[in-house]
Amino acid sequence: MKEVNIEVLKDASLRLMFKMSDEEYNTLLQEFDTLFKQMAMISKIKDVDSVMPMTFPFNINTTYLREDEVYDVISKEDALKNAKEVKDGQIKLPKVVKQ
Amino acid sequence: MSYLDLSIKEIHQALLDKKTTPLELTKEALLRAKADECNCFEYICEKEALEFASSLNKIEENNLLFGIPYLLKDNFSTKDIPTCASSNILKGYVPIFDATVVKRLKEKKAILIGKTTMDELAMGGSGTSGHKGITFNPYDKSKTRLCGGSSCGSAAATALSITPFALGSDTGDSVRKPASFNALVGFKPTWGRISRFGLFPFAPSLDHVAFFTRNIEDAAIVLDSLSGRDKLDSTCFDMDATKAFDNINKFSLKGCRILLLNEIMDSFKDEEIKNKINNFIDLLKSKGAIINYVNFSKDLLDAVFPTYFVISCAEATSNNANLDGIKFGDRKQGNTYQEVMINTRTAGFSELIKRRFILGSFALMSENREELFIRAQKARRLIVNRLNEIMKDNDILLTPAAPSIAPKIKESSDKLSDTYLIVDNHLALENFSGMPSITIPFTFKNDMPFGINLSSKILQEEMLISISKEFEDLIGLKGVSVLNYSNYKKEDK
């Protein structure tokens with residue numbers, strides 16, 4: 001497992017597209033310390049690695065296929081309603097290719 | 001006394017008898033909402049509610065929710081009504097569609113009074129982390145005790161009798177724990193029983209639509225109205241709506257097999273409440289219930305919280321990746337689109353949310369995935385297997401819903417203690433397994449409420465509600481609220 005230190009956390013936060021203060025990273029380091037102690041309790045469970053991971057509470061057997069019907073169409077105006085900057089029917093962002 | 005203090009059935013009768021109207025009920029609910037001092041609201045829908053209520057003229061005799069005011073946690077999509085999940089990143093966001101549950105309540109002509117505060121993006125269990133600050137426990141006049149969360153505003157407002165019911169969501173215990181701290185019925189049905197279309201996802205393998213009421217009968221009415229198939233949610237059961245209200249007296253305590261877990265009862269340290277629970281268990285026995293005690297496995301129970309934490313943070317980090325301020329949300333300026341996203345997310349999320357996203361993202365990194373995320377999912381399977389095994393020969397799992405009454409706002413707990421790991425977090429068992437689970441008011445200590453929790457095998461909501469009603473009759477706190485609690489106290493003496 002990857003070692004946890006401020007650099008690793010800074011890298012993780014930038015990959016998640018946000019920044020944090022040094023104080024916040026320190027709180028997070030302490031939180032990791034507690035989590036690892038708690039995770040050690042999971043490792044204590046007998047035969048924990050002998051089962052398949054559970055991704056949902058139970059299987060729901062869907063026995064029908066949805067018809068390929070047009071149901072609810074969002075208008076262009078609605079789709080753009082919540083975007084802060086819109087130009088010519090499109091969401092406007094800073095230019096990617098600079099001159 | 002106002003009609004809003006009554007049960008849904010009683011309000012319905014008053015409407016039929018023309019003693020009140022949907023408009024009068026709405027005006028009263030709006031007055032109460034505006035007088036709120038606990039920080040329950042993100043948005044009060046005054047104009048929308050008054051307009052809708054004015055259009056409701058002919059009372060529908062067979063529709064118990066007709067003209068009944070209600071509230072929604074602010075993580076349900078509501079067309080043309082601002083919805084921000086108590087997060088700055090969604091400031092100003094106005095959904096363009098209704099969640100399925102909102103649509104169903106609209107069809108029933110229930111009246112939406114407001115959107116309620118919550119822990120930011122439903123992450124957190126205290127009711128303190130929303131962007132509008134702490135939501136206070138309405139039973140605590142000194143404002144020093146937690147309301148509980150994440151569905152804090154819905155809980156506080158229902159306890160204040162602003163409306164007879166309010167919707168919330170429950171991923172770890174976010175309705176059932178605050179129900180305990182606010183003397184409410186808090187119900188999370190089977191995973192897949194109610195459509196989640198339009199509920200902002202936090203951790204979809206654990207998320208449930210849930211709700212608060214002040215009595216069991218009302219919980220049955222709300223469940224019947226919200227449940228049933230929905231082609232917009234592929235995880236929703238292809239089944240008809242429940243008929244819990246019609247079957248509310250169908251099951252009896254006589255012969256009902258009630259299970260208690262030794263590890264939870266042993267780790268429960270509030271002796272005053274524990275004595276009351278033990279006396280109550282004797283009462284259940286005298287009514288013909290069969291009480292069974294079983295060892296669950298301490299190792300498995302110790303693992304519930306870390307399992308929950310790793311799975312929920314990992315799912316959350318991925319589900320909230322769409323909050324970038326570009327298509328919607330409170331976009332900040334930047335010279336590149338990456339800078340726009342970074343500045344938006346840095347300003348938009350609180351510290352707690354960022355920490356949880358990093359924890360989740362760390363658990364998903366290729367070097368860590370097997371040891372953290374996958375292992376937590378394996379632990380989940382073993383925990384659920386054990387739960388299903390012990391429930392096989394039992395009808396109801398009975399537990400205290402919390403370690404005690406609501407803790408003080410700044411009180412910290414030892415995160416490695418049995419009290420924290422086992423008594424404070426065991427309600428996630430029903431999120432892991434999808435079992436229906438209901439918290440009901442049980443007692444008061446120092447004028448603060450405390451609830452017990454009942455759970456059953458999946459899809460047995462009708463039995464669970466029926467038995468919960470028997471419990472409610474024995475306990476004698478049906479309909480209790482902040483406004484009428486003093487009357488119950490007199491009777492108790």
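## A buried serine with positive phi

With a relative accessible area of 1%, B:Ser161 is buried. Its phi is positive, about 60 degrees, although B:Ser161 is not a glycine. The residue sits in the loop between H5 and strand E4 (165-169) of chain B. Please keep in mind as you read on that this is a predicted model.

## Other backbone features

B:Ala85 is another residue to look at: it has a positive phi of about 50 degrees and is not a glycine. You will find B:Ala85 in the loop between E2 and H4 of chain B. Its relative accessibility is 0%, so B:Ala85 counts as buried, the cut-off being under 20%. Most residues other than glycine have a negative phi, and most peptide bonds are trans.

The peptide bond is worth a look too at B:Gly149 to B:Ser150, where it is cis, with omega near 10 degrees. B:Ser150 belongs to the loop between strand E3 (111-116) and helix H5 (152-159) of chain B.

## Where chain B meets chain A

Turning to the interface, 62 residues of chain A are in contact with 75 residues of chain B. Together the two chains bury an area of about 6,300 Å², and carbon and sulfur atoms give 68% of this. Polar contacts join 19 residue pairs between chain B and chain A, counting pairs with both residues at pLDDT 80 or more. On the side of chain B that touches chain A, the elements giving two or more residues are helices H10 (298-302), H11 (304-319), H12 (337-348), H13 (351-364), H14 (370-391), H15 (418-423) and H16 (429-433) of chain B. H14(B) gives the most to this side, with twelve residues. By residue type, the side of chain B that touches chain A has 35 nonpolar, 20 polar and 20 charged residues.

Eight salt bridges are found across the interface of chain B and chain A. One of the salt bridges in the structure pairs A:Glu31 with B:Arg355, with 2.6 Å between the closest N and O atoms.

## A glutamine in helix H14

B:Gln377 is placed in helix H14 of chain B. At 7% relative accessibility, B:Gln377 counts as buried. Leaving aside residues up to four places away in sequence, B:Gln377 touches A:Pro53, A:Met54, A:Thr55 and B:Ile311.

## Aromatic pairs

Over all chains, the whole structure holds 22 aromatic pairs. In one of them, the ring centres of B:Phe97 and B:Phe197 are 5.3 Å apart and the planes are at 35 degrees, so the pair is tilted. B:Phe97 lies in the loop between strand E2 (69-73) and helix H4 (100-107) of chain B, and B:Phe197 in the loop between strand E5 (185-188) and strand E6 (209-213) of chain B, so the pair ties together parts 100 residues apart in sequence. B:Phe97 counts as partly exposed at 29% relative accessibility, and B:Phe197 counts as partly exposed at 28%.

Next come B:Phe280 and B:Phe442, whose ring centres are 5.4 Å apart with planes at 75 degrees, so this pair is edge-to-face. The pair links distant parts of the chain, with B:Phe280 in helix H9 (residues 271-286) and B:Phe442 in strand E10 (residues 437-445) of chain B, 162 residues apart. B:Phe280 counts as buried at 7% relative accessibility, and B:Phe442 counts as buried at 9%. Elsewhere, ring pairs link A:Phe56, A:Phe58, B:Trp191 and B:Phe237 into a cluster.

Conventions. Residues are numbered from 1 along each chain as its sequence is written. Chains are lettered from A and ligands numbered from 1 in the order in which they are written. This is a predicted model: local features need pLDDT of at least 70, side-chain atom pairs count only at pLDDT 80 or more; totals for chains, interfaces and linings use all residues. Side-chain values use heavy atoms; hydrogens and water are left out. Contact means heavy atoms within 4.5 Å. Buried area is the accessible area (1.4 Å probe) that two parts lose on being put together, summed over both. A salt bridge is a side-chain nitrogen of Lys or Arg within 4 Å of a carboxyl oxygen of Asp or Glu. A polar contact is a pair of N or O atoms within 3.5 Å; within protein, one must be able to donate a hydrogen and the other to accept it, and residues adjacent in sequence count only if both atoms are side-chain atoms. Helices (H or I, at least four residues) and strands (E, at least two) are DSSP runs, numbered from the N terminus. Ala, Val, Leu, Ile, Met, Phe, Trp, Tyr, Cys and Pro count as nonpolar, Asp, Glu, Lys and Arg as charged, and the others, Gly among them, as polar. Rings of Phe, Tyr and Trp (its six-membered ring) pair if their centres lie within 6.5 Å; planes under 30 degrees apart count as stacked, over 60 as edge-to-face and the rest as tilted. Buried means under 20% relative accessible area, exposed over 50%, partly exposed in between (1.4 Å probe, protein chains only).
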